[in-house]
Amino acid sequence: MRTLGEWHQAVAEARHRIAEYVATTPMVSSDPLSRLLGQPVWLKCEQFQPMGAFKIRGAANALLTRQSQGALLGAVTYSTGNHGLAVAYLGARLGIPVAICISQAVPANKVNALRARGAETIIEGHSQDDAQTAAVRIAEERGYALIEPFDDPDIIAGQGTLAAEMLDQAADLETVVVPVSGGGLAAGVAAEIKAQRPTIRVVGVSMEGGAVMYESLKRGHPVKMPEAPTLADSLQGGIGLDNRWTLRMVGEYLDDLVLVSEEEIAQAMGFLAVEQGMVVEGAAAVTAAWIRRQPSVAGPVAAILTGRNVDGMVAAELMTAYRQSSA
Ligand SMILES: *Cc1c(COP(=O)(O)O)cnc(C)c1O
């Protein structure tokens, strides 16, 4: 384990290392959510990163760190989508061959996007765990660097740069709301926030169906659960039965982990699109879904909108449904 001071140092180094490859994304004041909650609400708009999600932060930090330790033959990863996209994009920019192992459960739009970025896609098995097994094998066979999606200190520090940026953009935050799947984002964000401003409350949000981190925290060890269909497909997947970093960090640094329903996610996606002009994916909308319950939290509140990679047909349907229900 590292201390908060050590994480803060790692995040500062990561911020410098990845600056050329990532965007400084806007923090936008949300009038509709602020009015609902009765507190100022900010949206941290990571959907505007290259490839449409915050994953570029951790992926860039991990790839550039490995590269500084010696030339890379290639990089391999496994991913339900956005992490794979980020690694593919960076591989193309850095001139490193990239192989990506994905399960059959990943939607076709994400598979096609990976191929369009020039990555070799290897489809194997039915879950994130099957894809992980394949990635470990490819790394050994080819001597590629394995770029983990969340349970790795370089990934965690890279995602933590998001929090450092938020604190620069809004100095008086009281609550930060962050989506949780494998917990790389939540671990990095919470560590950086607790290092800098320990009184800020950090709340994680997952979907009700297949909330592996939530169950693992409850039981005190990593659990395996079946993947359930969800609008928040980027939050699907396990935390790894041999989880080394994120379970402990999320348990230690997150103040709360809450769950939202599919109906709440659907409504929040429609709300963000119609009321806010922001089309984001379900994994991002879980934060707005929780805020729309009007929880009693101290403001200003910052909600992290993690990504925008949603099928256009799905987004259009949810906008229409929201518009009709609020008419
Ligand atoms: C990966 C991802 C998350 C969750 O991040 P973890 O580090 O796995 O917890 C949330 N939202 C989007 C859009 C993602 O791609």
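The lining of the largest pocket divides by class into 4 nonpolar, 5 polar and 5 charged residues. Here Ala, Val, Leu, Ile, Met, Phe, Trp, Tyr, Cys and Pro count as nonpolar, Asp, Glu, Lys and Arg as charged, and the others, Gly among them, as polar. The model is a predicted one: local features need pLDDT of at least 70, side-chain atom pairs count only at pLDDT 80 or more, and totals for chains, interfaces and linings use all residues. Residues are numbered from 1 along each chain as its sequence is written, and side-chain values use heavy atoms, with hydrogens and water left out.

Pockets and cavities were found on a 1 Å grid over the protein atoms alone. A pocket is an open set of points with protein on both sides within 12 Å along at least five of seven lines. A cavity is a set of points where a 1.4 Å probe fits but cannot get out. Lining residues have an atom within 4 Å of a point. Points are joined across faces, edges and corners, and a volume is the space filled by probe spheres set on them.

The largest pocket holds about 230 Å³ of space. It is lined by 14 residues, and Tyr78, Gln132, Glu148, Asp151 and Asp242 are the closest to its centre. Helix H6 (residues 128–142) gives the most to this lining, with 3 residues. Helices (H or I, at least four residues) and strands (E, at least two) are DSSP runs, numbered from the N terminus.

The protein has 4 cavities of 30 Å³ or more. The largest cavity holds about 310 Å³. Of its 27 lining residues, Phe54, Lys55, Ser181, Gly182 and Ser234 are the closest to the centre. Helix H4 (82–94) and helix H8 (184–196) each supply at least two residues of the lining. By class, this lining has 9 nonpolar, 16 polar and 2 charged residues.

The ligand sits in the largest cavity, meaning that more than half of its atoms lie within 2 Å of the grid points. An oxygen atom of the ligand is 2.8 Å from a polar backbone atom of glycine 183. For glycine 184, a polar backbone atom is 2.9 Å from a ligand oxygen. A polar side-chain atom of threonine 306 lies 2.7 Å from a ligand nitrogen. Alone, the ligand exposes 380 Å², and the protein buries 97% of that (Shrake-Rupley method, 1.4 Å probe).

Two backbone features stand apart. Most residues other than glycine have a negative phi, and most peptide bonds are trans. The bond from glycine 299 to proline 300 is cis, with omega near -5°. Proline 300 is in the loop between helix H12 (282–291) and strand E10 (301–305). Methionine 51 has a positive phi, near 75°, and is in the loop between strand E2 (41–45) and helix H3 (56–68).

Definitions and conventions
A polar contact is a pair of N or O atoms within 3.5 Å; within protein, one must be able to donate a hydrogen and the other to accept it, and residues adjacent in sequence count only if both atoms are side-chain atoms.
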